[in-house]
Amino acid sequence: MCGRYAASKDHAELVVEFDVEVDATGEPARSVLAAPQDPPAGSPDWNMAPTKQAPVVLTRPRRGGRTDPDSAAAAAVRQLRLLSWGLVPSWAKDVKAGARMVNARAESVLAKPAFARAFARRRCLVPAAGWYEWQVSPTVTDRSGRPRRQPFYVHRGDAATLAMAGLYEFWRDPAVADPDDPAAWLTSFTILTTAAEPGLDRIHERQPLVLEPADWARWLDPAVVDPDAVADLLTGPAAGRFAAYPVDSAVNTTGNNGPGLLAPVDPAQLRGVVDPVTGEILGT
């Protein structure tokens, strides 16, 4: 799965890297959080977690899209917006459904009612510097007797920003009468995952589906409503794009943040960790 990632790029950088025409991250957007987001939504975040608002790239009409989610794409432009992580289907009774829909499996996304319509019309890209994954130790247990879990940071070997494939959805709050009130609509997203490639599968069996720049336009195009026209992208490019290394357990706590979370852990502190490249067990 992908349950935590680093969204540490500045919006101005994302606008350039993703050829964004409209930076709408300053517009009011409903959040599912009871307390203010920390760091504030839209700020660099090295520990992005579910329910937070995160920058997402999508292609939609400049105006009118919020109250007409399936409007034609004739005047669509590429936008950067803040969406809540955890997809809430349009038919959900409340926003609690999002907690169960942080990820969508690429292998079965078209068969799931919660994702199938969004896959046809509302595909997006989720920018990230990298993501975190936790490796279960085959040899060492924690104080509770459970296998020790070592966090890893995974990033592109060429240091480029990741473009994780995602889907987004609109949910209308029936308790808010005015459809033009920003609180009337929640826009949320999920990240697609696929089987982990060789090497990364020594950390975890799943990984985000990361798309290459050459595929961004087709994935984002809302005029492409035939799932078969983009289904080939669900397999992902060839293996070998990523590098991974262990990081400190401070990332386990969502309240911890900052670039220090990306620092490699001292090898002397590793216990029962499997090297993703060689398969060697480090530490005892």
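This is a predicted model: local features need pLDDT of at least 70, side-chain atom pairs count only at pLDDT 80 or more; totals for chains, interfaces and linings use all residues.
Local features need pLDDT of at least 70 and side-chain atom pairs count only at pLDDT 80 or more, while totals for chains, interfaces and linings use all residues. Residues are numbered from 1 along each chain as its sequence is written, and side-chain values use heavy atoms, with hydrogens and water left out.

View 1. Strands (E, at least two residues) and helices (H or I, at least four) are DSSP runs, numbered from the N terminus. Strand β5 covers residues 76–85, and eight of its ten residues are buried, so β5 is largely enclosed by the rest of the structure. Here, buried means under 20% relative accessible area (1.4 Å probe, protein chains only). Strands pair if DSSP finds at least two bridges between them. With β4 (residues 53–61), β5 pairs antiparallel over nine bridges; look for Arg60 opposite Val77. The pairing with β2 (residues 22–23) is parallel, over two bridges, and Val22 has Gln79 as its bridge partner. β11 also runs parallel to β5, joined by two bridges, with Ser84 partnered by Ser188.

**View 2. An open sheet of five strands.** The order is β3-β1-β8-β9-β13, with antiparallel pairing. At the edges stand β3 (45–48) and β13 (242–246), each with a single partner strand, so one side of each has no neighbour in the sheet. Within the sheet, two bridges join β1 (residues 5–7) to β8 (residues 130–141), and Ala6 sits opposite Gly130.

**View 3. The buried residues of helix α2.** In α2 (residues 113–121), these are Ala114, Phe115, Ala118, Phe119 and Ala120. They pack against β6, β7, β10, β11 and α3, where contact means heavy atoms within 4.5 Å.

Note on methods
Buried means under 20% relative accessible area, exposed over 50%, partly exposed in between (1.4 Å probe, protein chains only).
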